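Here's a quick briefing to read with the model open beside you.

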Amino acid sequence: MQRRHIAIAPILIAILVMAFKYFTAEKFVNPETGRVSHLAMSAGQEMALGLQSYQEVLSTEQVVSQGPEVDMINRVVKRLVAATGEEGQKMEWEVSVVKSDQVNAFCLPGGKIVVYTGILPVAQGEAGLATVLGHEMAHATSHHGAERMFQSDITSALVNGVQGAIAMSDMDNGKRVAVMAALGAGAKYGVQLPFGRKDESEADQIGLMYMSRAGYDPHEAISFWQRMTEMAGAGQPPQFMSDHPSHETRVAQLQQLLPRAMEEYQRSAQAGK
Ligand SMILES: [Zn+2]
């Protein structure tokens with residue numbers, strides 16, 4: 001009798017631990033897609049981590065604070081922010097421009113955006129930029145970073161800090177790099193953690209709606225991803241493309257969404273009159 005109890009106990013404990021992790025997780029229903037996901041942390045904790053990553057990235061980069069490129073980027077972000085709906089209202093949006101040849105842009109949890117000037121020639125204007133930033137901002141409003149942390153071992157690494165504030169300065173270097181990678185700011189360390197296919201498709205879908213609502217023609221999204229794919233094909237894959245779905249899948253999905261996106265676009269054009 002005694003031995004049987006001993007054999008069952010570890011399994012029960014494992015199940016309890018898993019159940020605890022699952023039921024104490026933050027549940028998030030995406031207002032744009034209706035998809036339910038489990039998050040490793042609260043929006044406030046996520047925002048604090050995003051801000052720390054943002055400061056860490058900017059501390060070692062050459063930030064450009066004025067000029068026509070900065071004005072253009074600010075204008076696009078402002079229009080997109082207005083299109084992000086209820087989830088976007090909870091973010092503390094801010095954008096910094098970094099002088100660099102890197103073809104890169106990302107948005108951290110909580111709404112801190114970094115745009116590398118190297119992406120501007122590929123963006124070829126506001127609509128192209130709105131495509132990539134809409135996509136990146138959708139990762140943030142969809143809490144994909146916290147979802148990825150929930151799905152990965154980083155959750156257990158953070159579990160001690162979950163009750164209180166999570167401070168990156170308290171983490172050892174390995175953990176800090178892992179957290180930054182999960183949040184989408186890992187390029188600095190050469191660590192790119194891909195978002196799942198589902199998250200990428202969701203960011204594409206929501207990003208397309210954001211840009212259309214912001215008054216940018218959604219057809220431009222397809223041309224933009226085309227240019228990015230051509231770059232990748234020419235043997236210089238933008239760092240930022242390494243975690244994105246195949247071109248055919250992406251274009252097929254975007255084309256399917258175009259009628260809905262065009263409705264948003266026309267509505268925004270009418271509102272602007
Ligand atoms: Zn993405």
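This is a predicted model: local features need pLDDT of at least 70, side-chain atom pairs count only at pLDDT 80 or more; totals for chains, interfaces and linings use all residues.

**The chain overall**

- Of the 273 residues in the chain, 49% are buried.
- Take the contacts with a separation of 6 or more: 71% of them join residues 24 or more positions apart.

**Helix H10 by itself**

- H10 covers residues 197–213, and at 1.5 Å a residue its 17 residues should span 24 Å. The C-alpha atoms at its ends are 24 Å apart, so the expectation and the model agree.
- Buried or exposed? Of the 17 residues of H10, 13 are buried, so the rest of the structure largely encloses this helix.

**H10 against H12**

- Packed helices like these are described by two things, the angle between the axes and the distance between them.
- H10 and H12 pack with their axes 8 Å apart, at an angle of about 25°. That makes the two helices, H10 and H12, roughly parallel, since angles under 35 degrees count that way.
- The crossing of H10 past H12 is right-handed.
- On the H10 side, the residues are Glu200, Ser201, Asp204, Gln205, Leu208, Met209, Ser212 and Arg213. They meet a set in H12 that includes Arg250, Leu254, Leu257, Arg260, Glu264 and Tyr265.
- Sorted by class, the contact of H10 with H12 has six nonpolar, five polar and six charged residues.

**H11 against H12**

- Helix H11 (residues 219–233) and helix H12 (residues 247–271) have axes that come within 9 Å and cross at roughly 165°. H11 and H12 are therefore roughly antiparallel.
- H11, too, passes H12 in a right-handed crossing.
- From H11, the contact uses His219, Ile222, Trp225, Gln226 and Thr229. Their partners in H12 are His247, Arg250, Val251, Leu254, Gln255, Leu258 and Met262.
- The residues of the H11 contact with H12 split into six nonpolar, five polar and one charged.

**H6 against H10**

- How do the axes of H6 and H10 cross, and at what angle? They come within 7 Å and cross at roughly 125°, so H6 and H10 are oblique to each other.
- H6 passes H10 in a right-handed crossing.
- H6 brings Ala127, Ala130, Thr131, Gly134, His135, Met137, Ala138, His139 and Thr141 to the contact. H10 answers with Asp199, Glu200, Ala203, Asp204, Ile206, Gly207, Tyr210 and Met211.
- By class, the H6 contact with H10 comes to eight nonpolar, six polar and three charged residues.

**A closer look at threonine 141**

- Threonine 141 sits in helix H6, which runs over residues 126–141.
- Its relative accessible area is 2%, so threonine 141 is buried; the cut-off for that label is under 20%.
- Which residues does threonine 141 touch, leaving aside those up to four places away in sequence? The list is Phe28, Thr84, Glu87, Gly88, Met91, Trp93 and Tyr210.
- Tyr210 also belongs to the H10 side of the contact with H6.
- Threonine 141 and glycine 85 are 56 residues apart in sequence, and their C-alpha atoms are 9.4 Å apart in space.

Conventions:
Residues are numbered from 1 along each chain as its sequence is written. Side-chain values use heavy atoms; hydrogens and water are left out. Axes are lines fitted to C-alpha atoms, for helices over the stretch in contact, and angles run from 0 to 180 degrees between N-to-C directions. Helices (H or I, at least four residues) and strands (E, at least two) are DSSP runs, numbered from the N terminus. Angles under 35 degrees count as roughly parallel, over 145 as roughly antiparallel, 65 to 115 as roughly perpendicular and the rest as oblique. A crossing is left-handed if the near helix is turned anticlockwise from the far one by less than a right angle, and right-handed if clockwise. Contact means heavy atoms within 4.5 Å. Ala, Val, Leu, Ile, Met, Phe, Trp, Tyr, Cys and Pro count as nonpolar, Asp, Glu, Lys and Arg as charged, and the others, Gly among them, as polar. The expected span of a helix is 1.5 Å times one less than its number of residues. Buried means under 20% relative accessible area, exposed over 50%, partly exposed in between (1.4 Å probe, protein chains only).
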